[in-house]
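Work through the exercises below with the model in view. Try each task before you read its solution.

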Amino acid sequence: MIEGINIGFLEHAPAGFHGMVVKNDDGFYTILLDPNDTFEQRMKTVQHELRHIYNNDFDKEDVQAVEAATHKGGK
């Protein structure tokens, strides 16, 4: 179990944006979602971003490989 995950909305999100996760200076995480997405899409995005956290993707350098591996696990 990982503690310290905050979820919020990114107002005025750019086209094609569904979400992102950032690792904060305190070691906690913040997941930002597009408030205009449907509830179902936001839940898919949260699951996707949680996989990044659980896979320790912040310690990896190849962003394209990380995204490819995360998408193989389901969107």
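Helices (H or I, at least four residues) and strands (E, at least two) are DSSP runs, numbered from the N terminus. Two strands pair if DSSP finds at least two bridges between them. The model is predicted: local features need pLDDT of at least 70, side-chain atom pairs count only at pLDDT 80 or more, and totals for chains, interfaces and linings use all residues. Residues are numbered from 1 along each chain as its sequence is written, and side-chain values use heavy atoms, with hydrogens and water left out.

**Exercise 1. List the elements of the protein chain and give their pattern along the sequence.**

Solution. 
- Step 1: count the elements. The protein chain holds two helices and three strands.
- Step 2: read along the sequence. The pattern is β-β-β-α-α.

**Exercise 2. Find the order of the strands in the sheet.**

Solution. 
- Step 1: follow the pairing. The three strands make an open sheet, ordered 1-3-2, with mixed pairing.
- Step 2: look at the edges. Strand 1 (5-9) and strand 2 (19-23) each have a single partner strand, so one side of each lacks a neighbour in the sheet.
- Step 3: From one strand to the next it averages 20°. Axes here are lines fitted to C-alpha atoms, for helices over the stretch in contact, and angles run from 0 to 180 degrees between N-to-C directions.

**Exercise 3. State in which sense strand 3 pairs with strand 1 and with strand 2.**

Solution. 
- Step 1: recall the rule. Strands of a sheet pair through backbone hydrogen bonds, either parallel or antiparallel.
- Step 2: take strand 1. Its pairing with strand 3 is parallel, over five bridges. Ile 5 stands opposite Tyr 29 in strand 3. These two are 24 residues apart along the chain, yet their C-alpha atoms are separated by 4.8 Å.
- Step 3: take strand 2. Strand 2 and strand 3 (residues 29-33) run antiparallel, joined by five bridges. Lys 23 faces Tyr 29, Val 21 has Ile 31 as its bridge partner, and Met 20 has Leu 32.
- Step 4: check the connection. Strand 2 and strand 3 form a hairpin with five residues between them, and Gly 27 in the turn has a positive phi of about 90°.

**Exercise 4. Is strand 3 enclosed or open to the outside?**

Solution. 
- Step 1: Buried means under 20% relative accessible area, exposed over 50%, and partly exposed in between (1.4 Å probe, protein chains only).
- Step 2: count. Five of the five residues of strand 3 are buried, so the rest of the structure largely encloses this strand.
- Step 3: check both faces. Tyr 29, Ile 31 and Leu 33 are buried on one side, and Thr 30 and Leu 32 on the other.
- Step 4: Of the 75 residues in the protein chain, 27% are buried.

**Exercise 5. Name the residues of the largest nonpolar core.**

Solution. 
- Step 1: define the core. It is a set of buried Ala, Val, Leu, Ile, Met, Phe, Trp, Tyr and Cys residues joined through side-chain atoms within 4.5 Å.
- Step 2: list the members. The six are Val 21, Tyr 29, Ile 31, Leu 33, Val 46 and Ile 53.
- Step 3: sort by element. Strand 3 and helix 1 each supply at least two residues of this core. Strand 3 gives the most, with three.
- Step 4: place the helix. Helix 1 (residues 39-54) lies across strand 1, strand 2 and strand 3, at about 150° to strand 3.

**Exercise 6. Which residues does Ile 5 touch?**

Solution. 
- Step 1: define touching. Contact means heavy atoms within 4.5 Å.
- Step 2: list the partners. Not counting residues up to four places away in sequence, Ile 5 touches Tyr 29, Ile 31, Leu 50 and Ile 53.
- Step 3: check the cover. Ile 5 counts as partly exposed, at 25% relative accessibility.

**Exercise 7. Describe the polar contact of His 52.**

Solution. 
- Step 1: define the contact. It is a pair of N or O atoms within 3.5 Å; within protein, one must be able to donate a hydrogen and the other to accept it, and residues adjacent in sequence count only if both atoms are side-chain atoms.
- Step 2: locate the residue. His 52 is in helix 1. It is buried, at 5% relative accessibility.
- Step 3: find the partner. The side chain of His 52 meets the side chain of Asp 57 at 2.6 Å.
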